[in-house]
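Today I am looking up a few local details, one entry at a time.

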Amino acid sequence: MIEAINGKGTSRAKIICDECGRDDTVTCDYERRPGGEWLPNEGQIIRKIEGSWSLVKGKLRCPACEAKRKAHHP
């Protein structure tokens, strides 16, 4: 899950593991959505965390949970 971090002058977002709940903060751009809402640029975030975190079938997993998933599915 990706959440916006609200605050003046912040260009960061929180990424949260869907398995264990671990969270991490990454810098990112924000983009305006319909209705005037500003949300983190999810595509940019996914590209930034691609080497360590994983996104499989819509589930975001931290490195530890991804290692457990791979160990059970050889």
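Is Asp23 buried, partly exposed or exposed? I am working from a predicted model here, and in it Asp23 counts as partly exposed, at 42% relative accessibility.

**Entry 1: salt bridges**

I started with the partner of Asp23: its side chain meets that of Lys14 in a salt bridge, N to O 3.8 Å. Lys14 is partly exposed as well, with a relative accessible area of 29%. The cut-off is 4 Å, so this pair counts.

My tally for the model came to four salt bridges. I looked up Glu31 next and found Arg33 as its partner, with the closest N and O atoms 2.8 Å apart. Glu31 is partly exposed at 29% relative accessibility, and Arg33 is partly exposed with a relative accessible area of 29%.

Then I went to Glu66, which forms a salt bridge with Arg69 at 2.8 Å between the closest N and O atoms. Why are these two within reach? They sit three residues apart in helix α2 (residues 63-72), so about one helical turn separates them. Glu66 counts as buried, at 9% relative accessibility, whereas Arg69 is partly exposed with 26% relative accessible area.

**Entry 2: the three-stranded sheet**

I traced an open sheet in the order β1-β2-β3, with antiparallel pairing. Its edge strands are β1 (2-4) and β3 (23-27), each pairing on one side only. From one strand to the next, the twist averages 30°.

I then checked how β1 is held to β2 (residues 12-16): three bridges join these antiparallel strands. For Ala4, the bridge partner in β2 is Ala13.

**Entry 3: cysteines**

How many disulfides did I count? The count is zero. I wanted to know why, and went through the sulfur distances. The closest cysteine sulfur to that of Cys20 belongs to Cys65, at 3.7 Å, which is too far for a bond. For Cys62 the closest is again in Cys65, at 3.6 Å, also too far. The pair would have to lie within 2.5 Å to count.

**Entry 4: a positive phi**

Last, I stopped at Lys57, whose phi is near 50°, a positive value in a residue other than glycine. Most residues other than glycine have a negative phi. Where does Lys57 lie? I found it in the loop between β6 (54-56) and β7 (59-61). Lys57 is exposed, with a relative accessible area of 85%.

Definitions and conventions: Residues numbered from 1 in each chain as written. Predicted model: local features only at pLDDT ≥ 70, side-chain atom pairs only at ≥ 80, totals over all residues. Heavy atoms only, no water. Pairing = 2+ DSSP bridges. Helix = DSSP H or I, 4+ residues; strand = E, 2+ residues; numbered from the N terminus. Axes fitted to C-alpha atoms, helices over the stretch in contact; angles between N-to-C directions. Buried < 20%, exposed > 50% of the residue type's maximum accessible area, 1.4 Å probe, protein only.
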